[in-house]
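I opened this entry to keep track of what I looked up in one structure, in the order in which I looked.

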Amino acid sequence: MERPVTEADLTFEYTPDSESDQSFENALEKARDGERLTVADAIALLTTGLDVDGIDRQRKEQVLEAADRRRAEEVGEEVTFTANLNNNVTTACNVGCLFCNFKDSAHTFEEDAAVETAGFTKTPAESQEIVADAAERGIYEVCSVSGLHPAFALDEEHREILEAHPDPKAVNYKPAEVYETSPGTYVEQMAAMSVDGVHVHSMTPEEGYHAKRGTDWSYEDVYGRLKEAGLDTVPGTAAEILVDEVRDVICPGKIGTDDWLEAMEAAANVGLGLTATIMYGHVDNEAHRAMHLKRVRDLQERVDGAITEFVPLSFVHQNTPLYEHDVVSGGASTDEDELLIAVSRLFLDNIDHIQSSWVKYGDEQGLKMLNCGADDFMGTILSEEITKRAGGGYGEFRSFADYVEMITSIGRVPVERSTDYEKRRVIDPDDPPFGPQLGPKADGTPLLTDEEPVPADD
Ligand SMILES: C[S@@+](CC[C@H](N)C(=O)[O-])C[C@H]1O[C@@H](n2cnc3c(N)ncnc32)[C@H](O)[C@@H]1O
Ligand SMILES: Nc1c(NC[C@H](O)[C@H](O)[C@H](O)CO)[nH]c(=O)[nH]c1=O
Ligand SMILES: N[C@@H](Cc1ccc(O)cc1)C(=O)O
Ligand code: SF4
């Protein structure tokens, strides 16, 4: 029998050595002077120089300091966060990404499946009820990312095309009747979640691809219809590492780098706002991370500033196929996490906000990131499935009181924001109780109280 692939077996065309001969000192000087950095510069900073083995702590501190200073110059002392809710519609997915444990095999959702599924699917009516309830409590945004359920179609027209397809399997389609619960169409889900004026942040490029499979429609067609149905902004997940030699290892079933970029550009072309992410710390090296940053920076030029924030997502390894099959021995180190946040701030000179994710880093390290270049601290989310299922243990929600306490503890200013950062409200830490005021139904009442800690159930 063939031995499974391991980290040591992986050879990549792009490595720090092949892509950079920049010295650490030169790169640091450029970063301090505010000069636009190259991929070679970013590699020198991420590795703290190719002339040292491993990470040099003193040099790392210099990079973090330069990034913290840049953050202060660009966005000042405010730390933003949003009152939001995660509403994942379904965990049914056959794409098979090896870093993901959010998914459940789609066949387990079928009505005549031998086993009961460990996953969930929500109808549009169920999504609406969950969002309406959270809107009542004051959220501004629903963030909705889901598995690629085989019965999902963009709308009725798309369903007819998929139904008439000569080989539905080839386009990953099965009729809704096969399943115990139907997710409806993407358009129905967007319309359902767009209740009471809530901002809908949904439809990653991978989901955009699923919503056009088996047709000759463009991404503009698809995102245009979604926007009409109520979609407001697009989460730039599914980016992982935007270098195909890495995608071929960690997510061979997913769209490629070019498709991801095309989908994002199309979403911006029809007037949707965007966020962008990187999911790092698995088989990727510093050259891949630097190339990813360059692709995001170039995209931001083409979409004329539509990307509001960049979200570094540190790989959570515990329950994932990559870890269980010994392809990787763990995730990124804290040094790597801090350097990635810092270099994102220094390299992405055209993206204003760098997010520190408490889901990925926890409270203590999440706060530390706000002194390494980050200025946004995510959102209340109220429910979390992706990281939890991967084995992460940092919980599922943060209250406004938690946010005020954490942000003031590092001497910064807590600010409630809208998804696009246009609406902002500085919070007076001496004026409790703390609750959302920007959401369409928000009246300042705390989102979470001691008696009622876990509001959403998936
Ligand atoms: C779970 S998917 C859901 C949306 C959709 N299926 C897609 O792939 O775009 C959303 C994102 O979660 C992130 N993610 C999944 N598993 C992760 C893990 N183990 N550690 C860190 N991030 C993870 C990935 O960046 C992925 O693109
Ligand atoms: N970083 C993670 C998020 N981020 C979502 C944000 O809270 C928000 O939607 C965004 O800032 C829009 O402006 N959500 C997760 O579920 N898990 C994360 O790790
Ligand atoms: N990054 C996305 C949301 C997200 C992030 C990480 C996740 O694991 C899931 C969803 C955004 O806010 O735009
Ligand atoms: S990351 Fe998204 S596409 Fe990939 S397996 Fe997980 S849910 Fe499916």
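Conventions. I am working with a predicted model, in which local features need pLDDT of at least 70 and side-chain atom pairs count only at pLDDT 80 or more, while totals for chains, interfaces and linings use all residues. Residues are numbered from 1 along each chain as its sequence is written, and chains are lettered from A and ligands numbered from 1 in the order in which they are written.

Ligand 1. I looked up the residues near it (C-beta atom, placed from the backbone, within 6 Å of the molecule) and found 22, the closest being Thr204, Glu206, Ala238, Met279 and Ala390. Two or more residues of this shell come from each of helix H8 (205-210), strand S6 (273-280) and helix H16 (386-390); helices here are DSSP runs of H or I with at least four residues, strands are runs of E with at least two, and both are numbered from the N terminus. By class, I noted 13 nonpolar, six polar and three charged residues around ligand 1, where Ala, Val, Leu, Ile, Met, Phe, Trp, Tyr, Cys and Pro count as nonpolar, Asp, Glu, Lys and Arg as charged, and the others, Gly among them, as polar.

Ligand 2. Here the shell holds 21 residues, with Cys143, Ser357, Val359, Met378 and Gly379 nearest. Among the elements that supply at least two residues are strand S3 (141-144), helix H15 (358-369) and strand S9 (376-379), but strand S7 gives the most, with three. The classes are seven nonpolar, ten polar and four charged.

Helix H3. Why do I call this helix largely enclosed by the rest of the structure? Seven of the eight residues in 39-46 are buried (20 or more other C-beta atoms within 10 Å of their own, placed from the backbone). The cover over the buried residues of H3 includes helix H4 (57-75), helix H12 (286-302) and helix H14 (334-347).

Ile341. This residue lies in helix H14, and it counts as buried because it has 28 C-beta neighbours inside 10 Å. The C-alpha atoms of Ile341 and Gly373 are 6.1 Å apart, although 32 residues separate them along the chain.

Note on methods. Buried ≥ 20, exposed ≤ 12 C-beta atoms within 10 Å, placed from the backbone. Contact = placed C-beta atoms within 7 Å.
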